[in-house]
Amino acid sequence: LIQLSIPLNFIGFVYREIRQGLTDVEQMFELLEVEAEVEDGPDARPLAIGSGAIAFRDVHFAYDPARPILKGVSFEVPAGKTVAVVGPSGAGKSTLSRLLYRFYDIQQGSITIDGQDVRAVTQKSLRSAIGMVPQDTVLFNDTIAYNIRYGRPSATDEEVKAAADIAQISGFIEHLPGGFRATVGERGLKLSGGEKQRVAIARTILKSPPILILDEATSALDTRTEQEIQAALDLVSKNRTTLVIAHRLSTVVDADEIIVLKDGLIAERGTHAGLLRQGGLYASMWNRQREATEAEEHLQQVRAAD
Ligand code: ATP
């Protein structure tokens, strides 16, 4: 009797786990308001992931055929390197990350990971190779531990705690009523954009994918939060192929290459120092943002003095 009941319980457990997984994915799509637009082809194979080198070649894409967003974009993210994409609002920066994750299919060109077209591999294998830290992280109405463990459901409490430490969020969690068992999400404690992003970073640390996509929040963060997030990101992106969709230029300074996207094309590319010397679009964006930051800091000093 005992021998029989264990496997049955186990099956029940696995079944619940699978059901939970499905619900979460559906919920995630719903919350992200993305439709599952693409399907696996009949010959789709699992992605054979090696070092995680990414290549965009002559990528053309439009959500609506009447309005092209990308008009022939080519760049590479060599294995283990970090490439940052900057450019005016609406230039198509976040679109690049959605295409790599294959939320949509491109109309021309190719996107490959370790030489394999993202359209030729199963979505499941593609998405398990990529850790996405989105602009606005979806939190489930559950404990904060559950939300972090989502990155790897088999993770132990110690691993969840260690991931939170690296993501610089454990101090914040320990002050919540109930700590890691505090309920968050719409029906629980509301977290700020910066806190949610650090939960997403902790999730990604547990998932430990070879490829990382970081889509920075547009919202302004205070300098301390920004530094904490930056420190967490430096740790996770180390030795991982990383694509940063940057809204704050402070995060791109150390990137191996910066790509300036404008009107659907790459307008400039190079390192931070190289682009500043060039004195083009990047240099003027940098100067503008620096002036804005200085004005903000001055304002904070004046307020602090009052
Ligand atoms: P920002 O810096 O403001 O976040 P971005 O460069 O990341 O901008 P994208 O989010 O890639 O810009 O959007 C590029 C363009 O595509 C925008 O004009 C946007 O309105 C449009 N767009 C984005 N998502 C969709 C969608 N699902 N359907 C139709 N158009 C879309």
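## Overall fold

Two residues count as in contact if their C-beta atoms, placed from the backbone, lie within 7 Å. On that basis, among contacts in the protein chain with a separation of 6 or more, 73% are between residues 24 or more positions apart. The structure is a predicted model.

The protein chain holds 10 helices and 10 strands. Of its 306 residues, 34% are buried.

## The six-stranded sheet

Six strands make up an open sheet with mixed pairing, in the order S6-S7-S8-S3-S9-S10. Its edges are strand S6 (130-133) and strand S10 (265-270), each of which pairs on one side only. On average, neighbouring strands of the sheet are turned by 20° against each other, with direction ignored.

## Strand S3 and its partners

Strand S3 (residues 82-86) runs parallel to strand S9 (residues 257-262), and four bridges join the two. Within this pairing, valine 86 stands opposite valine 260 in S9, and alanine 84 stands opposite isoleucine 258 in S9. S3 is also joined to S8 by four bridges, again in a parallel arrangement. In that pairing valine 83 faces leucine 243 of S8 as its opposite residue.

Five of the five residues of S3 are buried, so the strand is largely enclosed by the rest of the structure. In a regular strand, side chains alternate between the two faces of the sheet. In S3, Thr82, Ala84 and Val86 lie on one side and Val83 and Val85 on the other. All of these residues are buried, and both faces of S3 are covered.

## Helix H2

Helix H2 (residues 93-100) packs on the sheet and touches S3, S6, strand S7 (211-215), strand S8 (241-245) and S9. The direction of H2 makes about 145° with that of S8.

Seven of the eight residues of H2 are buried, so this helix is largely enclosed by the rest of the structure. The buried residues are Lys93, Thr95, Leu96, Ser97, Arg98, Leu99 and Leu100. After H2 comes arginine 102, which has a positive phi, near 60°.

## Surroundings of the ligand

There are 13 residues around the ligand, and those that come nearest are Tyr63, Ser89, Lys93, Ser94 and Thr95. Sorted by class, the shell has three nonpolar, eight polar and two charged residues. Lys93 and Thr95, listed among the nearest residues, are also among the buried residues of H2.

## Nonpolar core

The largest nonpolar core has 68 residues. Helix H7 contributes six residues, the largest share of this core. Ile148 and Ala202 have the most contacts inside the core.

Apart from its neighbours within four places in sequence, alanine 202 is in contact with Ile148, Ala163, Ala164, Ala167 and Ile169.

## The loop at lysine 190

Lysine 190 sits in the loop between helix H6 (170-174) and helix H7 (193-207). Is lysine 190 buried or exposed? Because 11 other C-beta atoms lie within 10 Å, lysine 190 is exposed; the cut-off for an exposed residue is 12 or fewer.

Lysine 190 and leucine 139 are 51 residues apart in sequence, and their C-alpha atoms are 9.4 Å apart in space.

Key
Residues are numbered from 1 along each chain as its sequence is written. This is a predicted model: local features need pLDDT of at least 70, side-chain atom pairs count only at pLDDT 80 or more; totals for chains, interfaces and linings use all residues. A residue is buried if 20 or more other C-beta atoms lie within 10 Å of its own, exposed if 12 or fewer, and partly exposed in between; C-beta atoms are placed from the backbone. Two strands pair if DSSP finds at least two bridges between them. Axes are lines fitted to C-alpha atoms, for helices over the stretch in contact, and angles run from 0 to 180 degrees between N-to-C directions. A residue is near a molecule or strand if its C-beta atom, placed from the backbone, lies within 6 Å of it. Ala, Val, Leu, Ile, Met, Phe, Trp, Tyr, Cys and Pro count as nonpolar, Asp, Glu, Lys and Arg as charged, and the others, Gly among them, as polar. A nonpolar core is a set of buried Ala, Val, Leu, Ile, Met, Phe, Trp, Tyr and Cys residues joined through C-beta atoms within 7 Å.
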